[in-house]
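Have the model open as you read.

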Amino acid sequence: MRFRPATADPTDLDRALTDPGPGDPVPALGAGKIREELDAHRFRPEWTWFAEDGDGRVVGRALWWGRADSERPIALDCLRIAPEAGDPADVAAGLLAAGHAAFGTAPVYNASLPRGWRDDAALAAAVEWRREAGARAGLSSVIERLRYEWTPAAPLPAPPRRLTFRDGTDEEFLEAFVRLSEGSLDLHTQSELRTADARDVARADMDFYLDCPGERSWWRLAHLPDGALAGLAVPSATPYHRNVGYLGVVPELRGQGLIDEILAEITRFHAAGGAERVTATTDTVNVPMAAAFDRAGYELTEIRLVLEPPPAG
């Protein structure tokens, strides 16, 4: 088996657009979407890798994604293996390992799945070989996330009643990020805090959202009438649409329904800006956040299985 990146040759573009694994029940990107991402420089030939058999036939394809200005890919978006390739986990593991070695990093793999995917035996089996391949290639940590979206077809959440919102300095936002990390149910935050200082984790979170397409001017601190900090609202965006970004309530005020008001503030802000879709994700274990999305009129649209390197240390 040979693993290689695509070239600028038109023949390789055709290979990038052609699904080598027809019949695979895991949802795949269509040729039109792949071409759109290539044109936008979010897919690139050097991030598009093929597995070829001894006769030079493409029997596997991996498409890594990044922002238009990314130096290295951020995530694996599509992984397909042909039925005739043999053991799909073995071929996929080799394909991922080759890509990781070339990139000098192991980007996460995001697999988008329908609700109830475990009830479909064929789909569950297709997910399992991907999990096995990811683990062999260093992506042994698995997180399952819920993807929600709000559209104008749903009612707008009621405006906040108990909280007021204001802009703040970078240092104020940093302190808010630190406070919200305490007792967080977010698995990524929990993992980072095992090996890093809370302020370092907060700085990394801030840097992430500053690097997103959303504007820093959108961020708001949430306060009670007496001026006490209640939480944080960071409306954000992706290259495709507006999203919720980051939100939370300080530990001592959790369980009082304030998260509903912070989510309402973000949703209403995006709606006022003309957003036709507002997306959001949360870990399946974060039951309170999922319930808040449900109450705010967000619809659960898919399950996202995230394979990533294990926590450092």
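Start at Leu 263, which touches Val 244, Leu 247, Met 289, Ala 292, Phe 293, Ala 296 and Tyr 298, leaving aside residues up to four places away in sequence; contact means heavy atoms within 4.5 Å. The model is a predicted one, where local features need pLDDT of at least 70, side-chain atom pairs count only at pLDDT 80 or more, and totals for chains, interfaces and linings use all residues. Residues are numbered from 1 along each chain as its sequence is written, and side-chain values use heavy atoms, without hydrogens and water.

Leu 263 is also among the residues with the most contacts inside the largest nonpolar core, together with Leu 79, Leu 232, Val 244 and Tyr 298; this core has 81 residues. Helix H3 (residues 88-103) gives the most to this core, namely seven residues. A second, separate core of seven residues includes Ile 34, Leu 63, Trp 65 and Cys 78. Such a core is a set of buried Ala, Val, Leu, Ile, Met, Phe, Trp, Tyr and Cys residues joined through side-chain atoms within 4.5 Å. Helices (H or I, at least four residues) and strands (E, at least two) are DSSP runs, numbered from the N terminus.

Now for the rings. There are ten aromatic pairs, counted when ring centres of Phe, Tyr and Trp (its six-membered ring) lie within 6.5 Å, with planes under 30 degrees apart called stacked, over 60 edge-to-face and the rest tilted. Tyr 209 and Tyr 246 form an edge-to-face pair, 5.9 Å centre to centre with 70° between the planes. This pair links distant parts of the chain, 37 residues apart: Tyr 209 lies in helix H7 (residues 198-211) and Tyr 246 in strand E10 (residues 242-249).

Buried means under 20% relative accessible area, exposed over 50%, and partly exposed in between (1.4 Å probe, protein chains only).

| Residue | Relative accessible area | Class |
|---|---|---|
| Tyr 209 | 15% | buried |
| Tyr 246 | 14% | buried |
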